[in-house]
Amino acid sequence: MTAPHAEAGAPEQPGTERCGLVAVVGAPNAGKSTLVNALVGQKVAIVSPKAQTTRVRLMGIAIEGSSQILLVDTPGIFDPRRRLDRAMVAAAWGGATDADLIALVIDAKAGMKAKIETLVETLKDRREPRIVILNKVDVTPKEKLLELAVQLQQALDPEAIFMVSAATGDGIADLKATLAARMPGGPWHFPEDQVSDATDRMLAAEVTREQLYLQLHAELPYDSAVETEKYEERKDGSVAIHQQILVARDTQRAIVLGKRGARLKEIGSRARAELAELLGRKVHLFLHVKVKPDWEEDRSLYKEIGLDWVD
């Protein structure tokens with residue numbers, strides 16, 4: 001994905017480039033996607049109030065001075081029960097493999113829950129350097145923040161602990177500068193105007209899926225997926241995107257459609273507007289809702305949405 005109007009700076013001098021991989025891990029709803037978006041400076045990962053929104057390992061590309069920071073926004077790590085869950089958790093830990101730095105993002109307001117303790121125990125045994133990012137400090141009492149920082153320092157012994165609010169931007173500049181300084185020397189892996197390694201086809205599916213979550217909230221469970229069937233470049237510079245929204249039951253199809261198709265029309269309208277802004281061109285978006293009870297067992301769909309098949 002390339003930014004329509006990128007403002008990232010080029011390397012200051014030939015031969016001074018830095019480039020490295022930062023794996024952003026954490027429990028569901030810690031704010032990882034919001035953090036990646038804030039560091040990149042524009043939206044590259046979808047965000048919703050629902051936990052487990054991120055399903056695929058998307059990379060955001062941030063630039064600070066002569067450093068290019070490759071941020072892997074991983075799915076939230078949780079106790080997997082279904083095949084899709086197992087694939088998401090595998091993608092999350094896969095994103096941390098061979099990273100130059102692991103950034104553990106924690107919802108400071110929620111504190112040290114069982115999921116965080118399990119994550120900390122797992123990270124202890126990894127060889128990659130690690131930092132802790134306490135997110136949502138704007139809604140967390142100072143006393144709780146300090147107590148949490150002490151707990152994590154003792155439990156994980158990270159190289160640094162940062163306190164930020166990805167939503168407001170508080171602390172993001174200092175965090176970004178530190179990440180840039182920590183990147184190893186080497187040439188940039190991507191052009192300076194590229195902000196993600198996600199294909200436009202994958203981005204289109206993610207944007208529509210985000211609108212499903214934002215507009216339907218608790219009405220629609222996670223038994224849904226978006227598949228981009230056709231992505232067609234037109235001669236006039238616009239793009240035509242045909243997508244299937246897969247749901248498990250007829251009742252869910254009715255929820256997505258809404259009365260006389262009104263809900264689906266609104267989902268399509270908002271997704272189309274956001275895609276047009278992200279892609280920098282006119283978008284024709286065609287949505288179809290299909291009932292497919294066993295969509296989680298479709299190997300081809302996993303490839304389409306960027307996940308590996310997990311037995």
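## Salt bridges

A salt bridge is defined here as a side-chain nitrogen of Lys or Arg within 4 Å of a carboxyl oxygen of Asp or Glu. The structure holds seven of them. The model is predicted, so local features need pLDDT of at least 70 and side-chain atom pairs count only at pLDDT 80 or more, whereas totals for chains, interfaces and linings use all residues. Residues are numbered from 1 along each chain as its sequence is written, and side-chain values use heavy atoms, with hydrogens and water left out.

One of the salt bridges joins Asp-107 and Lys-136, at 3.2 Å from N to O. Because Asp-107 belongs to strand β4 (residues 101–107) and Lys-136 to the loop between β5 (130–135) and α4 (142–156), the pair ties together parts 29 residues apart in sequence. Helices (H or I, at least four residues) and strands (E, at least two) are DSSP runs, numbered from the N terminus. Asp-107 is buried, with a relative accessible area of 17%, while Lys-136 is partly exposed at 23%; buried means under 20% relative accessible area, exposed over 50%, and partly exposed in between (1.4 Å probe, protein chains only).

## The sheet β7-β8-β9

Three strands form an open, mixed sheet in the order β7-β8-β9. Strands β7 (224–233) and β9 (283–291) are at the edges, each with a single partner strand, so one side of each has no neighbour in the sheet. The twist averages 20° from one strand to the next; axes are lines fitted to C-alpha atoms, for helices over the stretch in contact, and angles run from 0 to 180 degrees between N-to-C directions.

β7 pairs with β8 (residues 239–247) in the antiparallel sense over nine bridges, where pairing requires that DSSP finds at least two bridges between the strands. Ala-240 in β8 is the bridge partner of Glu-232.

## Helices across the sheet

Helix α7 (residues 250–257) lies across β8 and β9, at about 155° to β9. Helix α8 (residues 262–279) lies across β7, β8 and β9, at about 140° to β9. Contact means heavy atoms within 4.5 Å.

Arg-270 is partly exposed at 44% relative accessibility, as is Glu-266 at 30%.

Arg-281 forms a salt bridge with Glu-233, with the closest N and O atoms 2.2 Å apart. Arg-281 lies in the loop between α8 and β9 and Glu-233 in strand β7, so this pair links parts 48 residues apart in sequence.
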